[in-house]
Amino acid sequence: MSRIVPTKRNERVEFYKARTPSWAGSATLIGTTTAAVTDLDAKIAAAESARDEQVAALAQAKTKTASFYAAVDAVTIAGAAIIKDIRGEGQRTNNPAIWEAAMIPAPAVPAPIAPPGQPYDFKVALDGNGNLIITWRADNPAGTQTVYRVYRTISGQPQTYLGDIGGRKYIDDSLPAGATEVTYAIQGVRSTAVGMWGNFIVKFGTNAGGQQTASIAQSAPKLAA
């Protein structure tokens with residue numbers, strides 16, 4: 001047999017409320033009593049009253065919750081303003097007693113940023129125009145930007161500054177013809193911080209086919225940080 005009484009509470013109350021007038025007028029016919037229907041009416045009225053109280057309580061609870069949240073927001077704003085004042089005073093005076101009295105932790109001292117990494121793992125190659133392409137690696141702190149100063153020394157000549165480069169690749173397009181051995185020195189720079197030098201020697205020659213070659217003959221090892 002299919003269900004005739006709704007499962008939802010509000011619908012259940014309305015179901016019985018819609019039927020009690022007919023049931024009261026036909027109590028004997030339908031096999032019940034007027035007293036039973038009257039008792040059901042009383043219980044329906046009590047349920048409706050309780051429902052109204054519930055709706056009012058929910059509305060009041062919603063209002064109270066909104067009031068509580070607004071009050072907490074006001075506390076947060078006022079408290080944050082005081083903490084800002086405390087931090088400003090602590091940083092201005094550098095007095096550790098301020099943090100203890102305020103019962104808030106002192107700002108963490110930022111760790112010093114390591115200097116630029118030493119260039120290492122150099123590689124060289126010649127392009128079609130005879131220019132020397134130099135690449136290298138360097139271990140730099142995350143989030144930092146490093147430029148590299150490139151110097152060159154040709155046997156019997158003073159060291160020459162070639163320029164600064166933003167990446168870890170440099171193309172030397174000013175090599176004099178006939179150079180057989182060239183020393184390079186590369187150093188990472190970040191603002192006023194400088195890293196350790198990376199030094200290497202490049203030897204030039206020709207292969208069996210008469211083509212010019214370039215290879216690293218000597219490279220300074222990477223030093224431990």
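The protein chain has four helices and nine strands, where helices (H or I, at least four residues) and strands (E, at least two) are DSSP runs numbered from the N terminus. This is a predicted model, in which local features need pLDDT of at least 70 and side-chain atom pairs count only at pLDDT 80 or more, while totals for chains, interfaces and linings use all residues. Residues are numbered from 1 along each chain as its sequence is written, and side-chain values use heavy atoms, with hydrogens and water left out.

Me: What span would be expected for helix α3, and what does it reach?

Reply: The expected span of a helix is 1.5 Å times one less than its number of residues. Helix α3 (residues 34-93) has 60 residues and reaches 87 Å from its first C-alpha to its last, close to the expected 88 Å.

Me: Which residues of α3 are buried, and what do they pack against?

Reply: Buried means under 20% relative accessible area, with exposed over 50% and partly exposed in between (1.4 Å probe, protein chains only). In α3 the buried residues are Val-37, Ile-44, Glu-48, Ile-86 and Gly-90, and they pack against α1 (9-25) and α4 (96-102), a contact being heavy atoms within 4.5 Å.

Me: Which residues have the most contacts inside the largest nonpolar core?

Reply: A nonpolar core is a set of buried Ala, Val, Leu, Ile, Met, Phe, Trp, Tyr and Cys residues joined through side-chain atoms within 4.5 Å. The largest one here has 19 residues, and those with the most contacts inside it are Leu-132, Ile-134, Trp-136, Tyr-184, Ile-186, Phe-200 and Val-202. Strands β1 (120-126), β2 (132-137), β3 (147-154), β6 (181-190) and β8 (198-206) each supply at least two of its residues.
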